[in-house]
Amino acid sequence: MASPKKAAESDFFITGIPGLDALLENGIPRNSTVLLAGSPGTGKTILALQVVHNACKKGKKCVYVSFDENEHSLEKYARSFGWDFDEFQRKKLLVIKYVDVQHLEGLVSASGRITQGLDVRKALHHVISAAFIPDLVIIDSLSILMDIFFGSGKGRWLYAHKLFRSLEELNATALLISEKMPLPEAPEVADIEEFLADGIIALYYLRTGSYRERAIEVLKMKGCNHQEKLVAMRIEKGKGIYVAPDVEVFQHR
Ligand SMILES: Nc1ncnc2c1ncn2[C@@H]1O[C@H](COP(=O)(O)OP(=O)(O)OP(=O)(O)O)[C@@H](O)[C@H]1O
Ligand SMILES: [Mg+2]
């Protein structure tokens with residue numbers, strides 16, 4: 001009997017995070033838009049920086065748009081894990097863009113109407129040349145972007161649709177950081193972005209008694225036979241994130 005055809009690597013975006021691609025089965029289906037969700041301190045920025053490092057090392061082009069930390073602070077953060085972004089920036093593989101939210105104020109009308117300045121495609125063209133076609137786009141964070149402009153009103157739905165369509169048109173894999181924990185148990189209260197995203201990877205910092213442990217879970221990923229469990233994750237000093245796809249949390253204690 002013929003062996004099942006191995007998924008072509010080109011169909012997937014390999015995160016290169018130890019254990020994570022196995023949790024997903026093969027990696028993130030290329031050009032998917034994925035929410036990276038978790039409460040503060042769960043490791044979202046480190047994970048995103050590590051994926052950028054791994055992708056640039058393989059010659060992929062990445063854009064990191066930050067509404068939180070500035071370029072210098074992100075580069076310094078990456079360096080603390082041994083990831084040198086200077087080289088990638090010199091080779092024009094990486095663009096890091098800090099957007100001061102105070103400068104965005106003028107881009108939206110008082111009634112919350114969307115202006116062209118919020119079109120991701122157009123916005124990216126302000127910071128990168130037309131010749132720079134990214135393989136990976138990171139937005140850190142989508143929650144800040146959405147909350148500033150739309151809170152939870154009707155405009156949020158319209159903008160989210162527009163934003164996700166713009167991302168699709170980029171033909172890049174997108175990791176959108178979300179500070180809101182998804183609630184799969186109560187889908188009726190889920191945010192629009194959780195429905196629109198092709199995938200959701202959730203990071204946790206769980207407490208059991210006086211201990212805390214990190215965990216990661218793939219909540220959804222279109223086109224992936226991903227594992228359906230919370231598994232252990234570590235942030236290792238000087239190395240970054242390590243996922244243990246075979247270590248289920250709450251089972252080993
Ligand atoms: N050099 C390091 N070595 C080991 N662990 C670290 C190191 N730096 C940070 N951490 C851990 O990572 C956590 C922060 O991770 P990260 O910045 O990715 O969080 P985040 O999810 O992006 O948080 P926020 O939503 O506040 O931006 C810290 O609280 C700490 O526990
Ligand atoms: Mg962060």
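Which residues of α2 are buried? In this predicted model, the buried residues of α2 are K44, T45, L47, A48, L49, Q50, V51, V52, H53, A55 and C56. Because 11 of the 14 residues of α2 are buried, the helix is largely enclosed by the rest of the structure. The length of α2 was also examined: at 1.5 Å a residue, its 14 residues should span 20 Å, and the end C-alpha atoms are 20 Å apart, which agrees. Just after α2, G59 adopts a positive phi of about 85°.

In total, 13 residues surround ligand 1, and the closest are P40, G41, K44, T45 and I46. The shell comprises 6 polar, 4 charged and 3 nonpolar residues.

An open sheet of 9 strands has the order β5-β4-β6-β7-β3-β8-β9-β10-β11, with mixed pairing. Its edge strands, β5 (94-98) and β11 (240-248), each pair on one side only. Neighbouring strands of this sheet are turned against each other by 20° on average, direction ignored. Strands β9 (residues 211-221) and β10 (residues 231-236) run antiparallel and are joined by 2 bridges; A215 has A232 in β10 as its bridge partner.

Helix α2 packs on the sheet, where it touches β3 (33-38), β4 (62-66), β5, β6 (136-140), β7 (173-178), β8 (199-208), β10 and β11. The direction of α2 makes about 160° with that of β6. Helix α3 (residues 71-79) lies across β4 and β5 and runs at about 130° to β5.

Definitions and conventions:
Residues are numbered from 1 along each chain as its sequence is written. Chains are lettered from A and ligands numbered from 1 in the order in which they are written. This is a predicted model: local features need pLDDT of at least 70, side-chain atom pairs count only at pLDDT 80 or more; totals for chains, interfaces and linings use all residues. A residue is near a molecule or strand if its C-beta atom, placed from the backbone, lies within 6 Å of it. Ala, Val, Leu, Ile, Met, Phe, Trp, Tyr, Cys and Pro count as nonpolar, Asp, Glu, Lys and Arg as charged, and the others, Gly among them, as polar. Helices (H or I, at least four residues) and strands (E, at least two) are DSSP runs, numbered from the N terminus. The expected span of a helix is 1.5 Å times one less than its number of residues. A residue is buried if 20 or more other C-beta atoms lie within 10 Å of its own, exposed if 12 or fewer, and partly exposed in between; C-beta atoms are placed from the backbone. Two strands pair if DSSP finds at least two bridges between them. Axes are lines fitted to C-alpha atoms, for helices over the stretch in contact, and angles run from 0 to 180 degrees between N-to-C directions. Two residues are in contact if their C-beta atoms, placed from the backbone, lie within 7 Å.
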